[in-house]
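My notebook is open, and I want to look a few things up. I'll go from whole chains down to single residues.

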Amino acid sequence: MFVRAENISRIYRLGKNETKALNNVSFEFDKGKIYTLIGPSGSGKTTLFNILGGLDRADGGKIFVDGKEITSMDQKRLAEYRRDYVGFVFQFYNLINGLTVYENVMSSASLSKNPLNVDMVLNMMDVYSEKDKFPFGLSGGQQQRVAIARAVVKNPSLILCDEPTGALDYESSKLVLQLLEDINRQFGTTIIVITHNLAISKMADATMRLRSGKIVEFSDNPQKIPAREVTW
Amino acid sequence: MVIKRIPLRTMKRNFFQFLSIIMLVAIASMTYTLFAISMEDIDHNYKMFKDDYIQEDGYFITSGNIDETILKNKFGIDLEQRLYFESQQDGIILRVFSISERINKVYVSEGKMPGAGEVLVDRGFFQAQKFSINDEISVYGKKFKISGIGYLPDYIYAIKNDQDLLPNPEHFGVVMMLNSDAQKLFPAFPVNYYSYKGKVDNIDEFKSFINSNWGLLKFVEKAQNPRIIYTEMKVENAKDLTLPLSLFIIIVSSFILFIVMRRIINAMHAEIGTLYSMGYKQRDVFKVFMRFPLYIWLFGSFTGILLGYFAAQPFAEYYRSFFSLPKLANIFPWEHILIALFMPAIFIFLSGYLALKNFFKLTIIQMLHGVDEIKFGKLPAIKLFDKFQFKTRIMLKYGSRHIARELILIIGIIFSTILMMYGMTAKDSVISGIERAYNENFRYNYIYILNSISSHPEIKLGNYAEPYNLLTFDIQDAKTSIMIYGIKDNSDMIKLYDEKGKEISVSDKIVISKPFANKLGVKDGDDIKIKNKFTGEEYIIKVHKVANLPVGNNGYMELQSFNKIFGYKQNEYVGIFSQQKIDISMDLLFESYTKSELLTTIKSSAQDISKTIGVMAFIAALLALLIVNVLSSLTLNENKKNIGILKMLGYKENDIFKMVLGFNYISFLTGFVAGIPLSKFAMDSLMSSATKDIDFSMSLDLTLNSVLSTFIILIAVFLISRFSVRSKIAKVMPVEILREQMD
């Protein structure tokens, strides 16, 4: 098992009110597969994404990634975990506006012990010709491809994508999905995609459905289809 | 680390905002460097000059020729006689001194020491008269060749009369010639002039001894000699101002930097959160973002130091031109350069650190998703605002939401008001105030000071002239002295008025000038303990009234009461005020001067003062402009979303501008109104500290003219600045905001 979660819970407190964002959630993800997390707003998808990425802490339970327990790590070790294991792709790209496309990808590569070649990754994402441009000069689709390049260049074992197509048009979305599939195939990276778009789950190896902080369904997808055939 | 490029790129993108902060830092560093280096230069050269050329510790004038050996032995001092006389021709008065050998030695900056038939003249006079070396000058009817420019350590501030405020090189010059030439020119000197060097333990005994043996006409210690002490006062005054002035600008710029940095960091919250998510540690992000203050400090301080350093030389020369002070050595004051460099660093890095520190308290999730919601929760819910119309309410809420920056705006306007008002008032007080005093209070045209106190039967006084008597006293428990005049009752020459403009008549009590009363802290009916400077006799005298005179350590009494109290016979006097010229024999006359000379001096100096005021007004206006500009731009940038929404709702740009930035008017007016009494307080404190230990008092009163002029300039700057940021509202497109909202 690449990722193993045991009884994860996360409670948000606002005054006297308590909200259980995750309620004793347990699951296992294999290495090199694509998973989609789906569910309505408030189901706990983003909370799980944050805890898996080492951005937030669980209130209870344990998570093991590649055999290491991340739930007991201090901030310093969590930063090292994010550096060595995780690549993030956000809905709104979160590129650094003060850096060019190349520098954005480089900013990630320079943290890695074993980075991929930046030019190769930019070519793979088809944004090499834009490498000297700043993010605000790119379309949404191009920005998201740069964001994926930035995530993948570290050569991480795990890529976490939070609504990666949420801000994109249909064509750009399909391109992004194909790229994620290519990365998974080429580098054996485990990819977890949070999405509202049920169609995307058709390209995943398995789908986990959440509702009110609980897993209501975990289903393998034996009829997995290539990303280019996904339509909605 | 590639991310270290972020700050410089961000600064380029927000160029004008950062340029304004850099300019503020540069102004602060420049102000410090400029004043500190130039004043250090003047101070250093002044000290060298007074030590190397043996500045006197005092001088005195006697009617009899003294026995130098007796005085030297009895009081353990060095003493040197100087020949001294005045020559008047074509409206120019030349004060001629013989060149001394031990005390007040002459320094020649250009040309050479004079030989027989040659003279040196002071620099101010040399330049004002456009002389060249080897030109001829007529002294007492005889032609002399100018061999060079000379400086005397006791004439650093080359004023003609002790009471003068400013030198007048157009009409007054100091001439130095060989003792032998002076003797040939003027074989019988009416008075004897001595300079002494050395500490006298009992100055009263010293004066009394001279007076009883050789008739003391005048005794001036160095600390009471305006020709020496004005220089020290002006340099000390400028030095005192340097640090607070620069510090203030630095603190204001640091506050603004803090606000700008917070805004930049807030705007980059998702980017910083992303850096964390990529695996960057707090230390890495901190190092990158501390580059903002680093660049601001480097660009601002170095530019300021360079500008200040290169301007210091001409500024010192310009300042030196007010004095007759030579430049003996070049200095490079490292300590001031280092202060100018590191003083801003402390505040700038501190504000950068504090801005970051607050942000680092957030979790990565908060960074990634922003903290707007948290901030919104802190919006002030002041019920009072709800009583106003919607637009006014929004305006008040915007103001109270950004209370810190409104406070900085207020402080900035207060500072600019003080700076500008100080300049305006200095001009008004020095020029108009004194001019007014000489027209309203001092109605004589000539003053004659005789060389003895007696009834002077040989002088016939017409109804255009009045006798007066005069004595100088030390004030007990204060390092100052007072010149008390005995004047005619209902004098036509000296008119004294109280604060309300009611005429004050003189009596057996004393009437003193307002600035002097302020300096001593006395009022009507108070007693002052005084001690005769020459005899050491002590008196307690009551203050009858405080007269509204703008300047002077003067007191006035009725002449016959004066004579009675101080032991003179009835009708004795030492001087004459006259509206017409009187021919008085040279052997009776000690000195004379005319009111028109003084007024000419003041007028000719007005231009120089105007230049200085121009610089002060420019700095004040620039500061106000930068502060208003940066803060207004910030507020508009931060509220783009709201501006877009208000536009969508159909509000006009003008209304939106008033709602978002309308509070600035309140802050501006608050700053200006608060600046008026603070200006008065600052000016009084400055004047009181500058004149604390010297025999000089002057009141700097705010005039309606200076208040109005300051207001007009500042409001113009304020409106220009607002106009320049207003275009930002026009640039906000509601459709972009909608798109951002969707995101």
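These are my entries, one topic at a time.

**Ground rules.** This is a predicted model, in which local features need pLDDT of at least 70, side-chain atom pairs count only at pLDDT 80 or more, and totals for chains, interfaces and linings use all residues. Residues are numbered from 1 along each chain as its sequence is written, while chains are lettered from A and ligands numbered from 1 in the order in which they are written.

**Chain B, overall.** I looked up the box around the C-alpha atoms of chain B: along the principal axes it comes to roughly 105 × 55 × 45 Å. Chain B has 23 helices and 22 strands. Both are DSSP runs numbered from the N terminus, helices being H or I with at least four residues and strands E with at least two. Of the 743 residues in chain B, 44% are buried. Buried means that 20 or more other C-beta atoms lie within 10 Å of the residue's own; 12 or fewer is exposed, in between is partly exposed, and the C-beta atoms are placed from the backbone.

I also looked at contacts, meaning two residues whose C-beta atoms, placed from the backbone, lie within 7 Å. Among the contacts in chain B with a separation of 6 or more, 85% are between residues 24 or more positions apart.

**Domains of chain B.** I noted domain 1 (1–52 + 250–375), domain 2 (58–229), domain 3 (379–440 + 597–743) and domain 4 (446–580). These bounds come from an automatic or database domain assignment. Where domain 1 of chain B meets domain 3 of chain B, 12 residues of domain 1 contact 15 residues of domain 3. On the domain 1 side, α2 (15–52) and α7 (226–267) of chain B each supply at least two residues. That side has nine nonpolar, two polar and one charged residues. The classes: Ala, Val, Leu, Ile, Met, Phe, Trp, Tyr, Cys and Pro are nonpolar, Asp, Glu, Lys and Arg are charged, and the others, Gly among them, are polar.

**Where the chains touch.** The contact takes 18 residues from chain B and 22 residues from chain A. Which helix gives the most to the side of chain B that touches chain A? It's α8(B), with five residues. By class, the side of chain B that touches chain A has nine nonpolar, four polar and five charged residues.

A helix has 3.6 residues a turn, so residues three or four places apart point the same way.

**B:Leu559.** This residue is in helix α17 (residues 559–566) of chain B. Why does B:Leu559 count as buried? Because B:Leu559 has 24 C-beta neighbours inside 10 Å. Leaving out residues up to four places away in sequence, B:Leu559 touches B:Pro467, B:Tyr468, B:Asn469, B:Gly486, B:Ile487 and B:Lys488.

**A strand inside chain B.** Strand β11 (residues 216–221) of chain B has five of its six residues buried, so it is largely enclosed by the rest of the structure. Five bridges join β11(B) to β1 (residues 58–62) of chain B, and the two run antiparallel. Strands count as paired if DSSP finds at least two bridges between them. B:Phe60 has B:Phe219 as its bridge partner in β11(B).

**Sheets of chain A.** One open sheet has six strands in the order β6-β7-β8-β3-β9-β10 (chain A), with mixed pairing. Its edge strands are β6 (86–89) and β10 (214–220) of chain A.

Another open sheet has four strands, β2-β1-β4-β5 (chain A), with antiparallel pairing. In it, β1 (residues 3–14) and β2 (residues 17–29) of chain A pair over nine bridges, and A:Ile8 stands opposite A:Val25. Their hairpin has two residues between the strands, and A:Gly15 takes a positive phi near 65 degrees.
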